[in-house]
Every structure is written in C-alpha cells, then in structure tokens.
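Student: I've got a model open and I'd like to get my bearings in it. Can we go through it together?

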Amino acid sequence: MLSAARPDPIAFTGREPPRELDGFRSNRTYLGADHRRNERRTWIVVAICAVTCAAQLAGGTLFHSMALTASGLHMAAHVAVLLTAAGAYWLARRLAGDARFAFGAGKVGYLAGFANAVVLVITAVTIAVESIERLLTPEVVDFGAAIPLAGAGLVVTLICVWLLRPSRSAKAHHDPEGDLNLSAAHLHLTADAIISALSIAGLAAGQALGWGFADPLMGLIGAGLVAQFAYSLIRRAGAALLDVNPSPVLTEEIRTRLEAAGARVLDLHLWRLGPGHHAAVAVVTADPPAPAETYRARLEDIPGLSHLTIEVRGGGGHGHVC
C-alpha cells in the first residue's frame with residue numbers, strides 16, 4: 001500500500017488506523033482545508049449578532065419600542081442559525097479522529113447546512129404569511145423610525161456576509177460545492193440582506209409616494225427569494241448526505257485512468273467525504289491482472305481523491321483487494 005501523500009488540514013491526536021486500511025491518507029480526517037478559518041469567522045459573526053441582538057432587545061425594553069424588540073428577536077434567529085454552523089465546525093473537529101465514524105466526521109457540516117436550509121424554509125413561509133396579512137389588512141407604518149432601523153440592520157448583516165465569504169481556495173478541484181456549512185450560513189445572511197434592502201425600498205416608497213402596499217409587497221418578493229435559496233441549499237446538502245455522485249467528470253477520469261493498458265472497470269462508486277474530499281471504490285478486471293498498487297498509482301495525483309479501495313480480478317474471476 002502507498003503511504004499518505006497529502007498533508008492533513010487539521011491534525012488530531014490519538015491512535016491512527018493501520019496504513020493498509022487507506023493508502024491515500026494515514027488517518028481519516030476529511031475536513032476542509034479552510035476549516036479553522038471558517039470556524040473562527042463563524043464564531044466572530046455569532047458574537048457580532050449576539051451583541052446586536054442584546055442591544056436591540058435592551059433598547060426595545062428601555063424605550064418601549066416594538067420595532068426594536070421585533071428586530072432583536074429577528075437577530076436572535078440569526079444567532080441560532082450561526083450557532084448551529086459554528087457548533088458543526090467545532091463538533092467535526094472534535095470528532096475528527098473518532099473511530100466510530102467509518103469515513104470521518106467531514107459530513108457534520110452538510111447536516112448543519114441542511115438544518116439551516118429548513119430554517120430558511122420556515123423563514124420564507126413566515127415572511128410570506130405576514131406580508132399577505134399586511135396586504136389584506138394594512139397597518140399604519142412609522143416610516144421615519146423604521147427606515148433607520150432597517151438601515152442599521154442591513155449594515156450589520158453586510159459586515160457579517162463579508163466575514164463569511166468563502167476563501168479563494170474554497171472550491172476544490174472536482175468539488176464545486178466547497179464548504180457547504182459556510183455556504184449555508186453565508187446564504188442565510190445574504191437572504192436577510194436582500195430582504196432588508198427590499199424592506200428599505202418598500203418603506204421609502206411608502207414614505208415618499210404614500211404607497212402603503214409597497215412594504216408588504218417587498219416582503220412577499222423577499223419571501224420568494226428566500227424560498228429559492230432554501231430549495232437550492234436543501235438540494236445541495238441532501239445530495240451530499242445521500243451520497244449522490246458529486247462529480248461525473250471525476251468519475252469518468254478515474255474510469256479512464258484505471259482502464260489504461262487493456263483493463264476494464266466492472267464497478268465504480270464515488271462519493272463525498274467532506275469539503276474537498278472524495279472516496280472511491282472500484283472493481284477492475286484484466287487478463288493478466290497487474291498488482292493492485294499499479295492501479296492505485298494511476299490515481300495518486302488526482303486532487304481531492306482522499307480514500308481509495310480497489311479490487312483487482314483476473315480473467316478467471318479471482319482477485320484481491322487493496
């Protein structure tokens with residue numbers, strides 16, 4: 001078997017599995033290359049949102065402002081979502097060397113991303129229902145107080161969106177999804193920034209033109225955009241959790257390399273282990289068959305292929321696994 005040829009993004013202490021279990025890595029730490037960076041920034045954004053939430057709730061209580069209280073409760077929802085993302089980073093790192101996980105804890109972030117997508121669905125439905133109610137039963141809006149409050153919320157959200165932007169190296173070769181946990185948190189805040197901008201536009205139209213319907217109408221449009229974001233995120237996270245083939249291009253490249261010199265691939269499976277990490281299982285037949293190490297060597301330089309199991313069969317049906 002081959003020894004590990006790729007550095008681990010996050011080292012962990014503890015007993016390592018025998019090298020013959022995995023010729024491409026000496027352990028099963030399948031975390032993203034930017035895991036620590038993304039975790040650190042997510043915790044920073046959690047702190048910013050928590051402080052903003054506390055200030056708004058305190059201001060609402062002190063000044064008897066329902067607008068401030070509502071804004072604070074809305075920010076509290078952000079804190080919950082971001083805590084889920086940050087907790088997923090912490091948990092994945094803590095469980096990186098846990099032998100109970102057959103292929104490491106790299107998918108914890110995908111589970112958190114799916115959970116945050118569900119929160120986006122709930123958010124979209126809530127906004128849509130509230131907007132429809134406001135359209136059917138208009139209420140008097142204090143435009144002068146609401147616009148500065150919405151503007152302040154937008155500024156805070158944009159700062160958080162900037163902090164959670166993916167790094168330039170986030171989208172690894174053959175893994176365009178990158179770190180889906182970060183994408184989920186970033187998408188959640190982006191959706192909120194869009195809604196805030198639409199709200200400001202609706203409030204401004206209401207104040208300048210007297211269009212009372214503009215505010216709830218913008219809310220309804222925002223709900224549609226959030227629903228679109230949620231659908232995209234659920235589809236992406238669900239595909240990773242259900243082991244949908246992450247890259248037909250990578251699958252074909254592996255097949256082409258293995259079938260060089262007259263070999264034939266009888267079976268091939270590819271799935272995602274974590275951000276930038278893939279695993280493959282292949283059954284190869286040839287007559288006469290080459291040693292398993294020969295076929296493994298053909299795939300050794302493929303970026304993102306972190307775990308590989310190959311079964312080699314001869315013309316008579318006998319074979320061995322490596």
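This is a predicted model: local features need pLDDT of at least 70, side-chain atom pairs count only at pLDDT 80 or more; totals for chains, interfaces and linings use all residues.

Student: Which helix gives the largest share of the lining of the largest cavity?
Tutor: That cavity has a volume of about 90 Å³. Its lining has 13 residues, and those closest to the centre are His35, Gly106, Gly109, Asp179 and Pro275. Helices H2 (66–94), H3 (108–136) and H5 (180–209) each give two or more residues to the lining. The largest share is three residues, and it comes from H2.

Student: And how many residues of that lining are nonpolar?
Tutor: Take the others first: five are polar and one is charged. Ala, Val, Leu, Ile, Met, Phe, Trp, Tyr, Cys and Pro count as nonpolar, and the number of those in the lining is seven.

Student: Is glycine 59 buried or exposed?
Tutor: Glycine 59 sits in helix H1, which covers residues 35–63. Buried means under 20% relative accessible area. Glycine 59 has 10% relative accessibility, so it counts as buried.

Student: How far apart in space are glycine 59 and glycine 72?
Tutor: In sequence, 13 residues separate glycine 59 and glycine 72. In space, going C-alpha to C-alpha, the distance is 9.1 Å.

Student: Which helix supplies the largest share of the nonpolar surface patch?
Tutor: The patch is about 680 Å² and is made by Ile132, Leu135, Leu136, Phe213, Leu217, Leu220, Ile221 and Leu225. H3 and H6 (214–241) each supply at least two of its residues. The largest share, four residues, comes from H6.

Student: What is the relative accessible area of isoleucine 221?
Tutor: You'll find isoleucine 221 in helix H6. Isoleucine 221 is partly exposed because its relative accessible area is 42%.

Student: Zooming out, what percentage of the chain's residues are buried?
Tutor: The chain has eight helices and four strands, and along the sequence they run α-α-α-α-α-α-α-β-β-α-β-β. Of its 322 residues, the buried ones make up 44%.

Definitions and conventions:
Residues are numbered from 1 along each chain as its sequence is written. Side-chain values use heavy atoms; hydrogens and water are left out. On a 1 Å grid over the protein atoms alone, a cavity is a set of points where a 1.4 Å probe fits but cannot get out, and a pocket is an open set with protein on both sides within 12 Å along at least five of seven lines; lining residues have an atom within 4 Å of a point. Grid points are joined across faces, edges and corners, and a volume is the space filled by probe spheres set on the points. Buried means under 20% relative accessible area, exposed over 50%, partly exposed in between (1.4 Å probe, protein chains only). Patches are made of residues with over 30% relative accessible area and no salt bridge: like charges are joined within 9 Å, nonpolar side chains (Val, Leu, Ile, Met, Phe, Trp, Tyr) within 5 Å. Accessible areas come from the Shrake-Rupley method with a 1.4 Å probe; for residues, only the protein chains shown count as cover. A salt bridge is a side-chain nitrogen of Lys or Arg within 4 Å of a carboxyl oxygen of Asp or Glu.
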